[in-house]
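Please look through the sequence and the structure shown here before reading on.

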Amino acid sequence: MIAAVVFDLDGVLIQTEEIWDDVREAFAGERGARYDADAQRAMMGMSSLEWSLYMHDELGVPDEPEDISAEVVRRMETRYRERLPLIDGAQDAVRRLAARWPLGLASSSNRPLIDAVLELSGLVPCFRATVSSEEVERGKPSPDVYLECARRLAVDPAACAAVEDSHSGIRSAKAAGMRVLAIPNPSYPPDDEVLAQADVVLGSLPELTPEAVERTSWLRATKFSGSGP
């Protein structure tokens, strides 16, 4: 049975991958560094420690990694406070599931950005535990951020359902032993091989209902019993 639901943030509740891309590309350009689509994809799911080091080592940004992270995060929070890019149905979906299960949030975003999003969206009371990948050893696709969120919720990871949108996120939640509901990000969709790892694939947040979450438990049960329709 499902005992808790853990949400990703970027690409699931807020459409920010494009903003991250714009901010990091502009920052790299100001510093005379390169930036391309391969760099964007490589950094998806990385913790701030990882992507700031990547920008320094691989893209050639001369600033120290901690300075890169601080400035990019400052610019991101400014953009959020100008206009929070909530995905349609995000608040309703969170509140719908919070009425049924304890919720966690496992995000690659920095702690100041997680807190700003939940404050601006009015969703702070809905989440019992929130974890930034900067608070664990490794970012996605490693399972660390999901395992830590389950620990803070005091729930077995195998009894959690995760809501994800990206290749790194799906792999991270699966590696943690969670059931995965995927809502593919239309701007940066996961490839078919990774998407096939999800237990349930949905088209949008309005489809994220308690019944959809419970379906992941039924599908896992039929998989291990060898039964099914």
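With which residue does Asp199 form a salt bridge? The partner of Asp199 is Lys174, and the closest N and O atoms of the pair are 3.3 Å apart. A salt bridge here is a side-chain nitrogen of Lys or Arg within 4 Å of a carboxyl oxygen of Asp or Glu. The pair links distant parts of the chain, 25 residues apart: Asp199 is in the loop between helix H9 (192–195) and strand E6 (200–201), and Lys174 is in helix H8 (residues 167–175). Helices (H or I, at least four residues) and strands (E, at least two) are DSSP runs, numbered from the N terminus.

The model is predicted: local features need pLDDT of at least 70, side-chain atom pairs count only at pLDDT 80 or more, and totals for chains, interfaces and linings use all residues. Residues are numbered from 1 along each chain as its sequence is written, and side-chain values use heavy atoms, with hydrogens and water left out.

**Salt bridges**

Searching the whole structure gives 18 salt bridges. Three of the pairs are set out below.

| Asp199 | Lys174 | 3.3 Å |

Glu214 is partly exposed at 31% relative accessibility, and Arg100 is partly exposed at 46%. Buried means under 20% relative accessible area, exposed over 50%, and partly exposed in between (1.4 Å probe, protein chains only). Asp199, at 21%, is also partly exposed, as is Lys174 at 26%. Through shared partners, salt bridges join Glu30, Arg31, Asp63, Glu71, Arg74 and Arg75 into one network.

**Confidence**

The chain averages a pLDDT (the predictor's confidence in each residue, from 0 to 100) of 93, and 95% of the residues score at least 70. Over residues 224–229, however, the pLDDT is below 50. Where pLDDT is low, the predicted coordinates should not be read in detail.

Key
Contact = heavy atoms within 4.5 Å.
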